[in-house]
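Here is a short tour to read with the model open beside you. Take the topics in any order you like.

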Amino acid sequence: MAHIHPTQEQTNNAKVPSLDLAELYQCVHCGLCLNQCPTYRVTRLEAESPRGRIHLVKAAADGRIELNDRFKEHLQLCLLCRACESACPSGVQYGRIAETARELIGPPGSPLVRRILNFVFTQLLPYAGRLKLAFTLLRWYQRTGLQTVARLLMPAKLRAMDAMLPAIPAKFFQPTANTLPAIGPRRARVAMLNGCVMPLLFGDVNEATVRVLRRSGCEVIFPEQTCCGALNIHNGEQVAAKQMARKNIDAFLAADVDAIVVNAAGCGAAMKEYDFLLRDDPEYADKAKRFAALVKDAGEFVAGLGLVGRLQPINLTVTYQDPCHLAHGQKIRRQPRELLQAIPGLKLVEMDGSDRCCGSAGIYNLTHAGMSQELLKEKMRGVGAANADAIVAPNPGCMLQLRYGGKTYGPQLPVYHLMDLLDRAYGEVAE
Ligand code: SF4
Ligand code: SF4
């Protein structure tokens, strides 16, 4: 089987990964994925389609083309939304191809942007304390008025990026104990991923998730853990990502739980694929398989376990955004909808193209703002036509993007996580 040939710079760069994937040879070029691909739909260019990108990677693997800037741009304009996987009748796992190729080409952007991203991936994300300090500084930047002054001095591009920065909450999430008991009879013992950005930007969602799990009869454990590494993996940084995966595997397997529950779709998809990430690691390959089998999306897990008791009504019409890494990455579409429909008074209306990427895609909305905004505008048109009172999107990236989309293009609707609404439906409980 062929390998991608690295550039001289990469060869000189010590550790060079190779692409040795059966997936690369499964594509039969039928083209059924093309119209499901957001970047193809916008550009109508073969090189910006899944089939075109697979062809490029295969040509590079066969040594017929160089890993030059044009090759990189085609690979990096991909959102890694994996809509092509849902459409593919041959079962091509495009995500594996793209992630492995990106390991060779590294993060997107200018040399300066790449250095900044590498710093974030290797020096911030794996360290919860440093990340918390960075978000504390950001909060200070926003609340002292420094942001208002700084925006006046910023170049337009930086100002646009700054405008996407959400308001940093006054309080970060910290579990009140490492083990939280089930409320009522215990039905399961689960460990929860706290996440890197979730406790800092969506602490209320983590609190809601803990309450929903406990009300559903789960004892909830928070092992000593780290970021899942999804952002690293998607952007070609796998050294720190593998270290994070090993740390999480050790911590969560030692907790001896029935499931590892994750309330962020991108993180859940990455953790379910630790076995692929660590496939060449003799010490961790088997452990990673055991770990991956335990990982469950929060909605998937609660739907499987079943809600407990009578739910309070929520009189609201909502439309559901399928996060790409839930619908396409984890094949989970039915369970969140069933949970929403179990809430009395709540009406679910479908938007057109609910499983089309909103353009968030990790840091894609920052690195490829033009394409991201095109997709967001289309998404907001679908939201508007659905005529709902609120949007439900169980993934932090989608929630931020849809809130920004509402502010910028309308309609400005509340954006909830599925766990927010289940928590409300469970109502107050005396412990
Ligand atoms: S992952 Fe998404 S953007 Fe990338 S090729 Fe597949 S459908 Fe297109
Ligand atoms: S649908 Fe699958 S087999 Fe067909 S072109 Fe796309 S990736 Fe290849």
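Helices (H or I, at least four residues) and strands (E, at least two) are DSSP runs, numbered from the N terminus. Helix 3 gives three residues, the largest share, to the shell around ligand 2; a residue is near a molecule if its C-beta atom, placed from the backbone, lies within 6 Å of it. This is a predicted model, in which local features need pLDDT of at least 70 and side-chain atom pairs count only at pLDDT 80 or more, while totals for chains, interfaces and linings use all residues. Residues are numbered from 1 along each chain as its sequence is written, with chains lettered from A and ligands numbered from 1 in the order in which they are written.

**Ligands**
- Of the 15 residues around ligand 2, the nearest are Cys27, Cys30, Cys33, Arg51 and Cys88.
- Helix 3 (50–61) and helix 5 (83–87) are the elements that give two or more residues to that shell.
- Ligand 1 is surrounded by 14 residues, with Cys37, Pro50, Cys78, Cys81 and Cys84 closest.
- At least two residues of the shell around ligand 1 come from each of helix 2 (38–43), helix 3 and helix 5.

- Five strands form an open, mixed sheet in the order 1-3-2-4-5; two strands pair if DSSP finds at least two bridges between them.
- Strand 1 (179–180) and strand 5 (295–297) are the edges, each pairing on one side only.
- Strand 2 (residues 188–192) and strand 4 (residues 259–262) run parallel, joined by three bridges.
- Val190 stands opposite Ala259 in strand 4.
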